[in-house]
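Hi everyone, thanks for making time for this one. Let me put the sequence and the structure up on the screen, and then I'll walk you through a few parts of it.

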Amino acid sequence: MSSYQGVHVSDQWLQSQFTQVELRTLKSKFLSARTQQGHVTLSELPPVFSGLKAFSEMFTEDEIKTILEEAHSDMGEEVDFEAFLRAYLTLQDRAIEKSGGTRSSFIKATTTTFHHAINESEKASYVKHINSYLAEDKFLKDFLPIDPATDALFELAKDGVLLCKLINIAVPGTIDERTINTKKVLNPWERNENHTLCLNSAKAIGCTVVNIGTQDLVEGRPHLILGLISQILKIQLLADLNLKKTPQLVELVDNSKDVEELMSLGPEKVLLKWMNFHLKKAGYQKQVTNFSSDLKDGEAYAHLLNALAPEYSTPETLETEDPTERANKVLEMAEKLDCKRYLTPKDIVEGSANLNLTFVAQIFQHRNGLTTDKKPSTFAEMMTDDAETSREERCFRFWINSLGIDSYVNNIFEDVRNGWVLLEVMEKISPGSVNWKHANKPPIKMPFKQVENCNQIVQIGKELNLSLVNVAGNDIVAGNKKLIIAFLWQLMRFNMLQLLKNLRSHSHVKEITDADILNWANRKVKKAGRTSQMESFKDKSLSNGRFFLELLSAVEPRVVNWGLVTKGETEEDKKMNATYIISVARKLGCSVFLLPEDVMQVNQKMMLTLTASIMYWSLQKHEADGDGDILDELFEPTEGEGTAPSGETPEEAAPSGEPTEEAVDDSVSESPNVEE
């Protein structure tokens, strides 16, 4: 739900002392320190600063308090974000003094990019990919081909169009291209919109972008742009490396237990498993464990291609003693399989991990050597989920990966079973809630250690007032899909409501509820002079998309082009509206993970998250503009209006559901209280 607009500080010198990554981190710490009244005083800063890695090893909390007392006469003084930053710099200076270091070892100016090395081979490879896949693009063809010997790639990326187009190549339909600003010369606002759309869409396809902001892209920071492009390309090239897309992958395993393990592997590990499967069949004795050193001599490639494409094999490929010559012959053979030459013999010999990965993925795409038997496998049938469960698994997976935790989730139902990922998530959304001394880090061989992790998860969930009736740690370890989906929904909802609560700096009357979000949306649309209203988050009239477009237009009038909106009467028209809604929301700054089908079928969980995300952006904008007093008014019923529309109780507006086997699918609980 967060926006990727840069953090701006009115004092330019102060802003120059921090990178955007540091500013975003510190802004988050500052916001989390606020009381319910929305105030932060100097006396509340010591525990905040002592928890920062920069100071935790240098000072105790008492020492930090003493330093701040020396610099300020009144510790009860209220501080804003800029004063918070100045206090940080005060501590930083003392830390430098204590360590005998230099200021440059603690901070970097936001414009500094030259200390990041750029891999020229990777840049050249990505440029070839872009030139190939986007050569016919109506807008970009005027700027292509890009010369890999120059910085033209980074200059072109500054407007955001290129990155948005690449995302759509990787996962078609992710971005409604009607929402991309594609003028020859964009103003700063339009450029920022493109980058916001790009980053929120990148998160929605599985990219990790927690350390990248719109300002970084506007500045054309090479290392960040190459890193993002690398992630997008991997997603494109590895898209088929799962049992859903390629059920023939069950050939790689012998029994159902191995299938479960295969399902939990990331696509890169599946690719290695596939490669070793064919190498073993070909009689190659070595095991390939990485895409770098194990491939340097080219022998594994030669055996793999000889096995997959015997019609093109030649004895010279293996007989050649020179690794560079062998690598060249390998690339020539791969070209006969229509694999594009994105790497050079030198890249293979030097063990370029990213480029070798893309090369092996290309070979898999063009000749995977697996059976073409279309008969469903008993093992593959284990992957069968209903469409809604599949979409929700995808949503929660990408949401978790967007949080910036250390683990990366490839399959929700498998990856959460040992409890570690969920502990990381809970620590992220409720800092300090996890007792790490009692947590068991993977790999976990003993089943009871997994249960210990999951028991702690359930206990924390109850402390957060989540509804966990008859739920035990064993249910998570067992991979109970309905319970896992229900639990993840409650975590996502808790996080969403906490974000909204933290913005209500001028109101501490009550907790925000689903009904508050519903009423806010209806009131916002009504005040904008529109007639649409939603009775609940499962209101079937939402399927045409017009209410959400009116809501988006109400919070930012210029963001919706009504000439592109349909009446939503046919399925095709509904899909066009739904696709447009999601891209407009992301372009505005909303981080959402739903699909058009969720809007068309009115998935009430996704309708709530979409509405809450728009609300969060709107309130955040009001607060940034200094309109904090308006926040309370948004929750006060107007004359004749109750806490839920159309005479419904809050429970009817947002129905309650416990995470049980029978009733979990429709749960959008109004209140997450635990029933004793």
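How many disulfides does the structure hold? The count is zero. As a reminder, a disulfide is a covalent bond between the sulfur atoms of two cysteines. Two of the cysteines are worth a look anyway. C395 has 2% relative accessibility, and because the cut-off for buried is under 20%, it counts as buried. C454 comes out at 0%, so it is buried by that cut-off too.

Before I go on, please keep in mind that this is a predicted model.

Now the overall picture. The protein chain has 32 helices and zero strands. It runs to 676 residues, and 53% of them count as buried. If you take the contacts between residues at least 6 apart in sequence, 65% of them join residues at least 24 apart.

Let's go back to C454, which is one of the buried residues of helix 23. That helix covers residues 447-463, so to speak 17 residues, with 25 Å from the first C-alpha to the last, close to the 24 Å expected. Others on its buried list include Q450, V451, N453 and Q456, and I457, V458, I460 and G461 are there as well. What do these buried residues pack against? The partners are helix 22 (420-429), helix 24 (473-477) and helix 25 (481-503). Just after helix 23, N465 takes a positive phi of about 65°.

Next, a pair of helices. Two packed helices are described by the angle between their axes and the distance between the axes. For helix 14 (residues 267-281) and helix 19 (residues 353-366), the axes come within 11 Å and cross at roughly 65°. The crossing is left-handed. Helix 14 brings E268, L271, W274 and M275 to the contact, while helix 19 brings L357, V360, A361, I363 and F364. By type, eight of these residues are nonpolar, none is polar and one is charged.

My last stop is helix 28, residues 571-588.

Notes. Residues are numbered from 1 along each chain as its sequence is written. This is a predicted model: local features need pLDDT of at least 70, side-chain atom pairs count only at pLDDT 80 or more; totals for chains, interfaces and linings use all residues. Side-chain values use heavy atoms; hydrogens and water are left out. A disulfide is a pair of cysteine sulfur atoms within 2.5 Å. Buried means under 20% relative accessible area, exposed over 50%, partly exposed in between (1.4 Å probe, protein chains only). Helices (H or I, at least four residues) and strands (E, at least two) are DSSP runs, numbered from the N terminus. The expected span of a helix is 1.5 Å times one less than its number of residues. Contact means heavy atoms within 4.5 Å. Axes are lines fitted to C-alpha atoms, for helices over the stretch in contact, and angles run from 0 to 180 degrees between N-to-C directions. A crossing is left-handed if the near helix is turned anticlockwise from the far one by less than a right angle, and right-handed if clockwise. Ala, Val, Leu, Ile, Met, Phe, Trp, Tyr, Cys and Pro count as nonpolar, Asp, Glu, Lys and Arg as charged, and the others, Gly among them, as polar.
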